[in-house]
Amino acid sequence: MHYQRFFSISIFHEYYRNKICSDFSIEPTQLCWKLIRGHRLILKNTANGLLMLMPVDEAQNPRFPLEKNIIFTFLLKLKNPRFASITSLDSDYRTNLYTFSNQTLTEPGIATLSPAILQREKAEQNNAFGIVEIHNNASLEESEFQIKFSAKERCWKYYLIASTNGQSAPFSIQDRNSEIKFIQTEIETRDRVVEEIQHRFPNSQPYLFQSETPIPCQEAGRQNIQLLKQGQTKPWIPHLPNPPNQHGTQVINALEDV
């Protein structure tokens, strides 16, 4: 029996270097499995999605034609527990379902499935992050349906532990690549990070530097974030560690006797 490409679903994420997102498994529902088997389709998993193959005759027509009202429904199941910390998500994503559908598409080809948020309705959806519905419409011929996620953005914060020497902000932070601008920020009253710093280093002077704009999370670390000190020709620290994606905060110990 001869097969040809029917459709594919691919998942992408801005966080990853190559944009390929393998954080999900895409699993047919029970009803979808019946449709697949009943029409002799072949489902193949890919690194970031799936590929569906259809049996065709010598004239390249479907050997088992599909009814017009058929919907292939898949469950998106999350495999990466860190996904929420790197992804821009709806605030209600934990209690609701992300849904992706080709229902409004009218032409075949490469197309992005826009997300929507719906309430969970069936028991089999309880362990799913979302669902994908592929309708048998004009967009279905050998199409590549894409699901795209944006990276979460946070303002980066650097807490600097410095010596108490009477100077005013002897340090500054600079991105040598000129992509991020940092400014010294006034420390709020009862700042928990500062309270911990002062508890561990009672004779130190904490400073807070923050990025002017939110920074998208990314898999590759950002280089050339430098700690500069007044009067020094070379960076005090040439490559500061990036703040963790979970909270965007990094503490730097710049005590001269450490």
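The following legends describe an overall view and several close-up views of a predicted model.

**Figure 1. Overall view of the chain.**
The predicted chain contains three helices and 18 strands. Its radius of gyration is 26 Å, well over the 18 Å that the globule rule gives for 258 residues, so the chain is more spread out than a compact globule. Along the principal axes, the C-alpha trace spans about 85 × 40 × 30 Å. Of the 258 residues, 42% count as buried. The chain exposes about 15000 Å², and carbon and sulfur atoms supply 45% of that area. Among contacts between residues at least 6 apart in sequence, 75% join residues at least 24 apart.

The side chain of S139 makes a polar contact with the side chain of N102, at 3.0 Å. Leaving aside neighbours within four places in sequence, S139 is in contact with N102, L105, T106, E107, P108 and F145. One of these residues, F145, is the subject of the next view.

F145 lies in strand β10. Its relative accessibility is 1%, so F145 counts as buried. Neighbours within four places in sequence being left aside, F145 is in contact with F7, S8, I9, S10, N102, L105, A111, L113, I134, S139 and L140.

Strand β1 covers residues 2–13 and includes F12. At 18% relative accessibility, F12 counts as buried, since the class takes in values under 20%. Residues up to four places away in sequence not being counted, F12 touches K19, I20, C21, N48, E144, Q146, I147, K148 and F149. Between F12 and G49 there are 9.4 Å in space, C-alpha to C-alpha, and the two are 37 residues apart in sequence.

I110 belongs to strand β7, which comprises residues 110–112. With a relative accessible area of 62%, I110 is exposed, as the class requires over 50%. I110 touches E144 and Q146 when residues up to four places away in sequence are not counted. E144 and Q146 are also among the residues that F12 touches. I110 and E144 are 34 residues apart in sequence, yet their C-alpha atoms are 4.7 Å apart in space.

R176 counts as exposed, at 55% relative accessibility. S178 is likewise exposed, with a relative accessible area of 66%. Leaving aside neighbours within four places in sequence, R176 is in contact with N224 and Q226. P238 is 62 residues from R176 in sequence, and the distance between the two in space is 9.3 Å, C-alpha to C-alpha. The backbone at S178 also deserves attention. Most residues other than glycine have a negative phi. Phi of S178, however, is near 60°, a positive value in a residue other than glycine.

R40 is not a glycine, although it has a positive phi of about 55°. With a relative accessible area of 43%, R40 is partly exposed.

Methods:
Residues are numbered from 1 along each chain as its sequence is written. This is a predicted model: local features need pLDDT of at least 70, side-chain atom pairs count only at pLDDT 80 or more; totals for chains, interfaces and linings use all residues. Side-chain values use heavy atoms; hydrogens and water are left out. Helices (H or I, at least four residues) and strands (E, at least two) are DSSP runs, numbered from the N terminus. The radius of gyration is taken over C-alpha atoms; the globule rule is 2.2 Å times the number of residues to the power 0.38. Buried means under 20% relative accessible area, exposed over 50%, partly exposed in between (1.4 Å probe, protein chains only). Contact means heavy atoms within 4.5 Å. Accessible areas come from the Shrake-Rupley method with a 1.4 Å probe; for residues, only the protein chains shown count as cover. A polar contact is a pair of N or O atoms within 3.5 Å; within protein, one must be able to donate a hydrogen and the other to accept it, and residues adjacent in sequence count only if both atoms are side-chain atoms.
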